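This briefing goes through the fold, the sheet, the helix packing and the salt bridges of the entry shown below.

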Amino acid sequence: MRFIADRMLGKLCTWLRILGYDTVYAADLGVKVEDEDRVILSFAAQESRILLTRDRDMIRAASRRGIRCVFVHSEEVMEQLKELIRYEPGINLEPVPCRCSECNGELRKVEKGEEAVLQAKSYVPMAKIGKCDFWLCKTCGRVYWEGSHWRNMRLQLQRLTKSCS
Ligand SMILES: [Zn+2]
């Protein structure tokens with residue numbers, strides 16, 4: 001399952017990447033705003049991505065072209081995820097370190113002997129190096145590790161799962 005999300009859904013995009021889903025954000029396409037809708041639609045069609053949008057005209061245009069799409073009603077990201085679960089009940093709700101939440105690039109595990117890569121990033125806590133797993137984005141070089149933000153995310157996702165059942 002892969003997605004493409006419109007400009008209104010930046011946060012949802014981040015969450016889907018954290019859940020391991022390949023999700024393209026419209027604002028990252030680097031096209032002129034007037035061309036954006038057209039590019040989003042052809043991208044979704046070419047790569048069989050599910051279009052996530054808050055724009056009814058886009059839903060109509062996507063449906064005409066046979067593109068799978070979800071109209072997102074809510075403005076709040078947890079509610080948006082709930083809407084997605086209603087559309088696709090099999091969606092994964094556990095954080096998976098395989099997509100960069102910033103750029104959608106693939107992550108790879110930082111191996112032993114690569115500590116210099118971690119030390120070069122000012123935001124990586126030195127005390128953690130050697131004590132937990134780290135991942136590196138193959139595209140933008142951002143480093144990730146299982147910190148407190150992941151625990152918070154898990155809690156939010158558990159709450160979400162409960163409220164859906
Ligand atoms: Zn990245």
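**Overview**

The protein chain has six helices and seven strands, taken as DSSP runs numbered from the N terminus (helices: H or I, at least four residues; strands: E, at least two). The model is predicted: local features need pLDDT of at least 70 and side-chain atom pairs count only at pLDDT 80 or more, while totals for chains, interfaces and linings use all residues. Residues are numbered from 1 along each chain as its sequence is written, and side-chain values use heavy atoms, with hydrogens and water left out.

**Chain**

- In sequence order, the pattern of the protein chain is β-α-β-α-β-α-β-α-β-α-β-β-α.
- The C-alpha trace of the protein chain spans about 55 × 40 × 20 Å along its principal axes.

**Sheet**

- An open sheet with parallel pairing is formed by four strands in the order E2-E1-E3-E4; two strands pair if DSSP finds at least two bridges between them.
- Strands E2 (23–25) and E4 (69–71) are at the edges with a single partner strand each, so one side of each has no neighbour in the sheet.
- From one strand to the next, the twist averages 20°, where angles run from 0 to 180 degrees between N-to-C directions and axes are lines fitted to C-alpha atoms, for helices over the stretch in contact.
- Strand E1 (residues 3–5) runs parallel to E2 and is joined to E2 by three bridges; Phe3 has Thr23 in E2 as its bridge partner.

**Helices on the sheet**

- Helix H1 (residues 10–18) packs on the sheet and touches E1, E2 and strand E3 (50–53), contact meaning heavy atoms within 4.5 Å.
- The direction of H1 makes about 155° with that of E2.
- Helix H4 (residues 77–87) lies across E1, E3 and E4 and runs at about 135° to E4.

**H4 against H6**

- The axes of H4 and helix H6 (residues 148–164) come within 11 Å and cross at roughly 50°.
- H4 is therefore oblique to H6 (under 35 degrees is roughly parallel, over 145 roughly antiparallel, 65 to 115 roughly perpendicular, the rest oblique).
- On the H4 side, Met78, Leu81, Lys82 and Ile85 meet Gln156, Leu157, Leu160, Ser163 and Cys164 of H6.

**Salt bridges**

- The whole structure holds 15 salt bridges, each a side-chain nitrogen of Lys or Arg within 4 Å of a carboxyl oxygen of Asp or Glu.
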